[in-house]
Amino acid sequence: MTVQMREYGAVTVVKLDGPLTDTDADKLKAELLEIIGRTLGRVALDLSAVSYVDSKGLEALVDVTHQLHQSGKALKLCAANETLRQVLALTDLSTQFEHFEDANSAIRSFL
Amino acid sequence: MTSEIGGVKKLLAICTGFLRRDNISAIVTFLISMVVAICLVNTAVSIWRNITFQKDLEKKTSIHNVRAVGSALAKATESLLAANELSMLRLAVAEAGTQHQLKCCRVVLPDGGIVADADPSCITVKKLPESWAGNSKACTETFASNTVMCSFPLQVPGRGGALLEIAAAVDSQAWVGLEPQAAQMSIACLGLAVLWLLHRHARFRLRGIGAIHQALLEASDAEVDVTTLEVDPKLGQEAVIWNKLLGEKQGIQIRAAIDQVRESIQKKSEDDRGLAAACDALPHGLILVGENMRIHYANPAAAVLLQARCSELTNADVSQFITDKRVVEAAHGASDYPTYGRTIVETEPDGSTTSGVLRFIVRPVRREDSGMAMIIIEDITQKKVAEAARKSFLGQAAHELRTPLSNIRLYVESAMEDCKHDPLATGRSLNIINEESRRLERVVSQILSVSEIEAGSFQLKRDDVRLDALLQAVEADYGPQARDKQITLKFNLPPKLPILHADRDKISLALHNLVGNALKYTPQKGHVTVNIAVDTDQIRIEVIDTGIGIALEDRDKIFENFYRARDERVAKVTGSGLGLSIAREVIELHGGDITVESELDKGSTFILTLPITEEAP
């Protein structure tokens, strides 16, 4: 999995490319937490190119969103495909995140 | 008069007090005692009358008996004396004395000699004289100490008078037959005594009950303090039990009050917990500052925005974490002089929008005992960035619109002046006006596209798109321009291209922008190559030019609205700086991406990827 970060104004959109699995989860979590601390939580995660998320990847995402919950926020997920949405729904984790159709909508939510 | 009225009132008061409910029992006891006493007196009087009557009757009976005995004995004595039968007389007298239980029965001569006596030792005349002087006296009756004494005169023919004296004890059997009355009397006395004892005992016991009764009446009147209803425990067991019940009631009241207070505290605590939870969940930072400028409460969002921990913030001086003096002074002022005003301060902690622009809203919190200040912290970084971008966009848009408009106005004036004497110049002016009008049209179109993107109304109208036909149209459009600049424009297409499910116009717009930019920034005799490669799930389109290239610091910014690289060669080429921004937005809306690889003075490669999936996200 590759991670691509792009700044849209004050918002950092982190685009993942490839399946989010065990080997990448910890690294992604560390990067996201670093960005959250640096940008005061102005982060959106673009999942348009993520085909699959395993339990470790879900755990990383949940840890990050819990970190944001402490300050009354949630991790913003963009363009998650149907498979990911079903995984989040089946694991009852869907409500832990904010969902957006695309990155642009997520960026606008910071206005 | 006044003293009389006062006396009557006092008497009424005493009577009223006496007839109070708590004295009724005493009155009943008193009345019963009176009735019993009256009955007792009545019985005593009755007994006394019976005794008197009995005594009188006994006396009369004794007298009657003495008279009867005396009369009979007198006649017999006269006969026996007349016959001088002294022995018979003495025998008769002795018999009479014995049979009738006479205390004295004797025959006395006038000289005092006793001829016969019930007690033979008392006889003084042994032999009866032939005659003696003296006459008989009248019959007399005397009483002395329960003794009746009767004297019967005797007349002995031929001898003289004598006297028969009989004394008998009056029978003192007055109590005979009065045993029932005496028994009743005794029982009545005993009953009275028992009643008196009971009354004493009951009065002692009833004093406690009366006091309890009075306390109950007072308790029913209104809400009174339980302690005032207590009675003297010396009044008996009832008073002790009453006081115990009052104590239990007081305990129940105290427990109820404690429960109520505890419930109230618990409810308030729950409310506080709910309020604290709500404050903790706020996306904006919230800080409560006391009069001493110490932080009483800070929610987690405030800790994140101030880049500290909640535990560090609590009880810390606010100036340690909020360095902007305006905020601190506003908080201090709000604490000292509570008002409804508010102070808004926007600050950049380290002077860059990367770390964030924070808006501090300081408001006083009114409290009775102290003044506090509430600081709300809001992260407005993105708003600031968007506002700056909007201002820049408007400025750039105005500039981009003004330039062709100025040219159009200038050449219109020139054409109007040259139209009569210089048709060639007029034609040249009209040609420029035409070009500037098209440029204006393009700029307006691009601004509209950007506006749609900014407003979120940039909608895709997906349809089946034949990419080969689209690329051929692009090649046809830009072929003449390439030939004019002597640039080699080459499209390397695979034998077969898939049909995309995309917005034809938007994809076409993106390709036109990429190929148009490549031609614009590639000098004469250069090369522009478009390579298309098809993977399993995406199409990769590379637009390669041998142009001026893009500096490293400009590569990310060229996709921003109105941004143009700081290169003199770029400035010479007309352009709005919107093309790449729109192209990237279009491709991203299709789920694809545009990246750039470039080397200054050697050329650039724009790589466009698009997913093949029919239902793109």
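What share of the 617 residues of chain B count as buried? The figure is 37%, where buried means under 20% relative accessible area, exposed means over 50%, and partly exposed lies in between (1.4 Å probe, protein chains only).

## Before you look around

This is a predicted model, where local features need pLDDT of at least 70, side-chain atom pairs count only at pLDDT 80 or more, and totals for chains, interfaces and linings use all residues. Residues are numbered from 1 along each chain as its sequence is written, chains are lettered from A and ligands numbered from 1 in the order in which they are written, and side-chain values use heavy atoms, with hydrogens and water left out.

## Chain B at a glance

Chain B has 14 helices and 17 strands. Those are DSSP runs numbered from the N terminus: helices are H or I with at least four residues, strands are E with at least two. Take the contacts in chain B with a separation of 6 or more: 59% of them are between residues 24 or more positions apart. A contact here means heavy atoms within 4.5 Å.

In soluble globular proteins, nonpolar side chains tend to be buried together. A nonpolar core is a set of buried Ala, Val, Leu, Ile, Met, Phe, Trp, Tyr and Cys residues joined through side-chain atoms within 4.5 Å. The largest one holds 47 residues, and B:Leu467, B:Leu511, B:Ile541, B:Ile558, B:Ile587, B:Phe606 and B:Leu608 touch the most other members. Helix H12 of chain B (residues 504–520) gives the most to this core, with 7 residues.

Look at B:Leu467 for a moment. Skipping its neighbours within four places in sequence, B:Leu467 is in contact with B:Leu497, B:Pro498, B:Leu500, B:Ile539 and B:Ile541.

## A covered helix and a loop proline

Helix H14 of chain B (residues 579–589) is mostly covered, with 10 of its 11 residues buried. Among the buried ones are B:Arg584, B:Glu585 and B:Ile587. After H14(B) comes B:Gly591, with a positive phi near 85 degrees.

B:Pro233 sits in the loop between helix H4 (179–221) and helix H5 (237–280) of chain B. B:Pro233 is partly exposed, at a relative accessible area of 48%. Not counting residues up to four places away in sequence, B:Pro233 touches B:Ala239, B:Val240 and B:Asn243. B:Gly208 is 25 residues from B:Pro233 in sequence, and their C-alpha atoms are 8.3 Å apart.

## Where the chains meet

The contact takes 22 residues from chain A and 32 residues from chain B. Together the two chains bury about 2000 Å², 49% of it on carbon and sulfur atoms; buried area is the accessible area (1.4 Å probe) that two parts lose on being put together, summed over both. On the chain A side, A:Arg6, A:Leu40 and A:Leu111 lose the most area to chain B, together 28% of what that side buries.

There are 3 salt bridges between chain A and chain B, each a side-chain nitrogen of Lys or Arg within 4 Å of a carboxyl oxygen of Asp or Glu. A:Arg6 forms one with B:Asp593, and the closest N and O atoms are 3.3 Å apart. Strand S1 (2–8), strand S2 (11–17), helix H1 (22–39) and helix H4 (103–108) of chain A each give two or more residues to the side that touches chain B.
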